[in-house]
Amino acid sequence: MPLQAYDLANLGYVEEEFLLQGTATCFKFIGERTAEGKWLVEPDRRAPFVTRLLVRRPANSARFSGTVIVEWNNVSGGIDASPDWTLLHRHIVRRGHAWVGVTAQKVGVDGGRIGRRAPSEEDLARALRSTRPPWRCLVF
């Protein structure tokens, strides 16, 4: 059961967990880091990753609006938190949208110190589009 104080089934929703794995490209800086924040990078090496996707969607597919809201979970507090779901879940459920929470940083799984990111938003969007029938709208 989700961490919330309510049962998603009572709202007509289901929760599913998926693991997305692949190989990500690591980048390295070319030259110095400048004050304006525009830096040059180049591909360096590749590393395997595993990312968790937590999907909350209408149990009845006829109720699904076609919109998926994707939240890159926040780890500022040392845990895998989803503040957008917490603040917007009533609207999401009322509209029949689906929500996907992405565990994209090591600290979200292990707790403790904030680590580096896993795949890019483009990688996640591509993976999401391949997991279900075509989404009409992905919101990041």
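Is Asn74 buried, partly exposed or exposed? At 33% relative accessibility, Asn74 counts as partly exposed. Here buried means under 20% relative accessible area, exposed means over 50%, and partly exposed lies in between, with a 1.4 Å probe and protein chains only. This is a predicted model, in which local features need pLDDT of at least 70 and side-chain atom pairs count only at pLDDT 80 or more, while totals for chains, interfaces and linings use all residues. Residues are numbered from 1 along each chain as its sequence is written, and side-chain values use heavy atoms, with hydrogens and water left out.

Stay with Asn74. It lies in the loop between β3 and α1. Helices (H or I, at least four residues) and strands (E, at least two) are DSSP runs, numbered from the N terminus. Leaving aside neighbours within four places in sequence, Asn74 is in contact (heavy atoms within 4.5 Å) with Ile79, Asp80, Ala81 and Pro83. Its C-alpha atom is 8.5 Å from that of Thr103, 29 residues apart along the chain.

Now take Asn73. It sits in the loop between β3 (67-72) and α1 (83-95). Asn73 counts as buried because its relative accessibility is 6%. The Asn73 side chain makes a polar contact with the side chain of Asp80, at 3.3 Å. Such a contact is a pair of N or O atoms within 3.5 Å; within protein, one must be able to donate a hydrogen and the other to accept it, and residues adjacent in sequence count only if both atoms are side-chain atoms. Not counting residues up to four places away in sequence, Asn73 touches several residues, including Trp99, Val102 and Thr103.

The structure holds two aromatic pairs. Rings of Phe, Tyr and Trp (its six-membered ring) pair if their centres lie within 6.5 Å; planes under 30 degrees apart count as stacked, over 60 as edge-to-face and the rest as tilted. Phe29 and Trp39 have ring centres 5.4 Å apart and planes at 75 degrees, so this pair is edge-to-face. It links distant parts of the chain: Phe29 is in strand β1 (residues 13-30), and Trp39 is in the loop between β1 and β2 (40-58), ten residues apart. Phe29 is partly exposed at 34%. Trp39 is partly exposed at 39%.

Trp85 and Trp99 form a tilted pair, 5.3 Å centre to centre with 50 degrees between the planes. Trp85 is in helix α1 and Trp99 in strand β4 (residues 98-103), 14 residues apart. Trp85 is buried, with a relative accessible area of 1%. Trp99 counts as buried, also with 1%.

The charged end of Arg33 sits over the ring of Trp39, 5.9 Å from its centre. The charged end of Arg56 sits over the ring of Trp85, at 4.8 Å from its centre. The test is NZ of Lys or CZ of Arg within 6 Å of the ring centre and within 35 degrees of the ring normal.

The largest nonpolar core has eleven residues, among them Leu20, Phe49, Val70 and Val102. β1, β2, β3 and β4 each supply at least two residues of this core. A second, separate core of eight residues includes Leu8, Ile69, Trp85 and Val93. A nonpolar core is a set of buried Ala, Val, Leu, Ile, Met, Phe, Trp, Tyr and Cys residues joined through side-chain atoms within 4.5 Å.

Finally, the whole chain. It has three helices and five strands, in the pattern β-β-β-α-β-α-α-β. Of its 140 residues, 34% count as buried.
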